[in-house]
Amino acid sequence: MEFTIISKETVLLNPLQDMQRRRVASEIRLDPLTGRSSRICHFMKLQWEKPDFAQLADRTAAGCPFCPERVTTITPCFPPEILPEGRLVSEDRVLFPNLAPYEALSAVAVMGAEHFIPMARLAPERIAASFDLCLTFFRALQRAKHPESVYHMINWNYMPPSGSSIIHPHLQVFAGSFAPNLMRLELSAAHAYRESHGSNYWDDLVAAERSAGGRYLGRIGRTSWLSAFAPMGIAGDVVAVVDDIHCTLELTPDDLADLALGLTRAMAAYDDMGIFSFNMNFFTGAAGDDHYRLHLVFSPRAYFSQALGTPDVGALQQLYREGVCMAFPEEINQRLKPRFSAER
Ligand SMILES: [Zn+2]
């Protein structure tokens, strides 16, 4: 496994020190599986200001479509051939079709009755139960033998910096026969990796990171937690790989609990940096894709300027699809690791 780093150096004349030469190092890193590149640059202190959450919650609660008084009256239902119940309800969680679908089979899962839950207060039990509700939906699609029930994906945009327009905690849930861009790239690269190495890429990745140590976070059940070598997010990405399984529908209730617990550990660590928003995606193979391993990626999000609402994604990321991370992943790992060494 190759962790390729291309080192760069910028020379500039520093006006704060009599125009003396100043050298600024940066790196380009290549993801060992896909070759996708990320820049480690623009080094800054990973510390952000949080907004006034009480004000944000008050301002958005009145018209919120996901609050209990509205969620079962203004959200749509699935037709009976897809889901005879129309919506899935489990305690205070509700899953229903997305009015603005991304796919033929596109749903939203509201994670509970509470309008706003700060990131550090998202309980692992609530996250696991919400994932479980999504799996109930996916199993119904399998039972209905829907032709688009191939890749079963859960995405999470939490709070506005991540792209979410509704602060009430919810998941984007969809199934389709066409894998999204990066997942498709991974699927084909993982297939090629197995052909050339005779092994599964993620098994090798976990083994390599575990023995090297610098980006390894820990293990919960059969989930392994890592800091990404070539992150997409400005404050690094956290990756969780589940041993042995290839796709979402193979996750057990214990796996869901372990994934949820690890996510809350990452959230607690990033909360210490003032981060209050993230994206999280499931990356899944189709049934029988032995060359793949189910994994999820958690990527913290922030505003560059809270006052202006400036996103942390600019032209480099948006149009070149180049990752930009503002600290070395190994240093970020040091800030996350104490949370992962906690007793379970
Ligand atoms: Zn709400």
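Modeller: Let's start where strand β7 (residues 151-158) meets strand β12 (residues 277-283): the two run antiparallel and are joined by four bridges. Strands (E, at least two residues) and helices (H or I, at least four residues) are DSSP runs, numbered from the N terminus, and two strands pair if DSSP finds at least two bridges between them. This is a predicted model, where local features need pLDDT of at least 70 and side-chain atom pairs count only at pLDDT 80 or more, while totals for chains, interfaces and linings use all residues. Residues are numbered from 1 along each chain as its sequence is written, and side-chain values use heavy atoms, with hydrogens and water left out.

Now zoom out a bit. β7 and β12 sit side by side in an open, antiparallel sheet of ten strands, ordered β4-β5-β6-β8-β7-β12-β13-β11-β10-β9. At its edges are β4 (88-90) and β9 (216-220), each pairing on one side only. On average, neighbouring strands here are turned by 15° against each other, direction ignored; axes are lines fitted to C-alpha atoms, for helices over the stretch in contact, and angles run from 0 to 180 degrees between N-to-C directions.

Back to our pair of strands: tryptophan 156 stands opposite methionine 280 in β12. Helix α4 (residues 181-197) packs on the sheet, touching β7, β12 and β13 (295-301), and its direction makes about 40° with that of β12. Contact, by the way, means heavy atoms within 4.5 Å. Helix α5 (residues 201-212) packs on the sheet too, touching β9, β10 (223-227), β11 (238-242) and β13, with its direction at about 65° to that of β10.

What does methionine 280 touch, leaving aside neighbours within four places in sequence? The list is Phe131, Ile154, Asn155, Trp156, Leu263, Leu296, Val297 and Phe298. Take asparagine 155 from that list: its place is in strand β7. Asparagine 155 counts as buried because its relative accessibility is 16%, and buried means under 20% relative accessible area, with exposed over 50% and partly exposed in between (1.4 Å probe, protein chains only). Not counting residues up to four places away in sequence, asparagine 155 touches Leu171, Gln172, Phe174, Met280 and Asn281.

Trp156 and Met280 turn up again in the largest nonpolar core: this core has 73 residues, and those with the most contacts inside it are Trp156, Tyr270 and Met280. Helix α3 (residues 124-143) gives the most to this core, with ten residues. Another core lies apart from it, with 23 residues, among them Tyr193, Trp202, Val239 and Phe283. A nonpolar core is a set of buried Ala, Val, Leu, Ile, Met, Phe, Trp, Tyr and Cys residues joined through side-chain atoms within 4.5 Å.

β6 and β8 pair in the antiparallel sense over six bridges, and alanine 109 stands opposite leucine 171 in β8.

One last stop is the zinc ion. Its protein donors are Cys64 (SG), Cys67 (SG), His115 (ND1) and His168 (ND1), lying 2.1 to 2.3 Å from it. Donors are N, O and S atoms within 2.8 Å of the metal (3.2 Å for Na, K and Ca), and sites may look incomplete because water is not among the atoms. The four donor atoms subtend angles of 102 to 119°, which makes the arrangement tetrahedral; four donors count as tetrahedral if all angles lie between 85 and 135 degrees. Along the sequence, the spacing of the donor residues is C-x2-C-x47-H-x52-H. Cysteine 67 is in the loop between α1 (53-61) and α2 (68-74), and histidine 168 is in the loop between β7 and β8 (170-176), 101 residues apart, which brings us back to β7. Cysteine 67 and histidine 168 are both buried.

Methods: Tetrahedral: all angles 85-135°; square planar, octahedral: opposite > 155°, others 65-115°.
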